[in-house]
Amino acid sequence: MTYFTSRKTLLAAAAAVAGLSNAAHADTTLGDLANLKVDTTIYGFLNGQLESVQATGGATPYNTRGRVSDGNSRLGFRGNIGVTDDLKGVWQLEASLNNFDQGGVNTRGESSSLSSRNSYVGLESKRFGTFVVGNNDSVYRSLIGSGGEFGGNLGLTVHGMDVWNNTSAQMTGNADSVFSRGEARYKNSAHYLSPAFAIPSAGSIQVGASYGFDENQNSNTNRGRWSVAARYDIGALSVGIGYDRQNNTGVDTDAMTQGFGFRTGDVSGVNTSFAKVIARYRFPTHTTVSVGFEQGKYGYEDEAIPTPSNFYPGVVRGSMKQNAAMVSVAQDIGRASIMASAGKLYDLKNTTFANQSDFGATQYSIGALYNFNKYLAPYVYYTKIRNHAQQNVNLGQAPVYSNNIGKDNAFLAPGDSPRAFGIGLIARF
């Protein structure tokens with residue numbers, strides 16, 4: 001009897017403490033307004049692909065082989081905390097589950113951390129917009145990116161510019177992609193997104209800006225990076241325009257001459273910039289068509305050629321320019337979608353090595369997806385890249401490397417042209 005009485009007493013006391021705690025929590029967190037609340041969401045997806053891949057044509061081919069690939073899987077937590085009717089705190093912590101097929105280590109031997117993807121804290125206002133700080137996509141990617149509905153990276157859930165985003169058939173979003181090479185996630189960064197301002201009888205417009213601080217400043221140069229972007233929506237039409245610039249960054253001309261292909265790095269006194277315009281239209285026939293154009297300008301520093309009047313070595317600085325274009329089409333038929341895309345990287349103007357046409361590339365991707373429901377979808381695809389003699393455009397989410405595999409300096413030999421055929425399954429949650 002004493003045991004049961006004590007047990008009842010303890011349960012009653014625990015219930016009372018819990019009630020007081022909840023009441024205190026409500027008072028301190030929610031205040032007097034009932035609409036101020038704390039929300040937390042868990043989300044993500046696992047995306048696996050069974051593939052046949054190869055990359056041939058260059059000095060060191062990557063011969064045909066089978067593999068299991070990961071399609072940019074992730075796990076995330078996000079939420080908001082009410083402050084006033086208009087203002088709330090927002091936060092997100094997102095982890096990459098990338099390369100789950102290899103135990104979380106990629107082909108370069110790199111592993112991901114809990115906050116390896118978009119992770120930030122900030123404030124959001126319906127009237128004034130959103131400001132966040134952390135490790136986050138630039139507005140060049142988040143507002144007018146090619147992965148989702150002009151922004152984000154949503155895992156084959158919507159038809160954006162890149163209909164095969166988050167697969168090996170992806171064509172955009174990386175420095176070694178055929179299109180939208182200026183997209184990036186900024187570390188040590190701050191970002192602002194305005195509300196979508198309504199234009200009477202003429203749609204809406206949203207603008208944004210991002211800045212990434214260079215805390216390390218290696219070689220005593222500040223490689224801070226910034227971008228601005230704007231998006232306009234009217235009915236079924238969306239148009240985006242943006243600009244991205246990275247200071248003290250240019251072409252690694254030594255790497256080009258040594259056979260490593262085209263890449264950028266720390267180059268004092270020059271900058272690399274990208275400008276992009278994209279558009280998407282959804283027809284009543286459930287057809288989505290997207291087109292885009294991007295121009296990259298790459299600074300460089302090279303050794304000056306001695307002249308009869310000047311025998312002393314020196315440097316010369318300049319700028320290379322390269323254009324890119326892309327088109328994609330998606331046709332929904334019930335739960336199924338048939339999707340295709342094509343992109344072209346044009347000549348590298350003012351190159352200091354080889355011929356400008358040697359740096360061109362083309363890619364096309366085609367396939368189909370079927371949604372069992374909003375959580376599970378199988379798909380099939382084929383993608384083919386044709387790299388010219390000095391170019392090394394690679395597969396989107398699971399690149400192949402023909403040299404130094406397993407090391408952080410792994411690379412695809414210039415001229416190697418990858419292709420991939422795959423069957424995938426994405427599970428969203």
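Author: A charge sits over a ring if NZ of Lys or CZ of Arg is within 6 Å of the ring centre and within 35 degrees of the ring normal. The model here is predicted.

Reader: Which residue lies over the face of F411?

Author: R263 does, at 5.9 Å from the ring centre of F411. Another case is K344, whose charged end is placed over the ring of Y346, 5.2 Å from the centre of that ring.

Reader: What describes a pair of aromatic rings?

Author: Such a pair is described by the distance of the centres and the angle of the planes. In this structure the count is 12 aromatic pairs. Take W226 and Y243: their ring centres are 5.5 Å apart and their planes stand at 50°, so this pair is tilted.

Reader: Where do W226 and Y243 lie?

Author: W226 is in strand β10 (residues 225-234) and Y243 is in strand β11 (residues 237-251), so the pair ties together parts 17 residues apart in sequence. W226 is partly exposed, with a relative accessible area of 31%. Y243 is also partly exposed, its relative accessible area being 26%.

Reader: How is the aromatic pair of F274 and Y298 arranged: edge-to-face or stacked?

Author: F274 and Y298 are edge-to-face, with 5.7 Å from centre to centre and 85° between the planes. Planes over 60 degrees apart count as edge-to-face. F274 belongs to strand β12 (residues 264-282) and Y298 to strand β13 (residues 287-303), so this pair ties together parts 24 residues apart in sequence.

Reader: Are F274 and Y298 buried or exposed?

Author: Both F274 and Y298 are buried. Ring pairs also link F274 and Y298 with F262 and F359 into a cluster.

Technical notes:
Residues are numbered from 1 along each chain as its sequence is written. This is a predicted model: local features need pLDDT of at least 70, side-chain atom pairs count only at pLDDT 80 or more; totals for chains, interfaces and linings use all residues. Side-chain values use heavy atoms; hydrogens and water are left out. Rings of Phe, Tyr and Trp (its six-membered ring) pair if their centres lie within 6.5 Å; planes under 30 degrees apart count as stacked, over 60 as edge-to-face and the rest as tilted. Helices (H or I, at least four residues) and strands (E, at least two) are DSSP runs, numbered from the N terminus. Buried means under 20% relative accessible area, exposed over 50%, partly exposed in between (1.4 Å probe, protein chains only).
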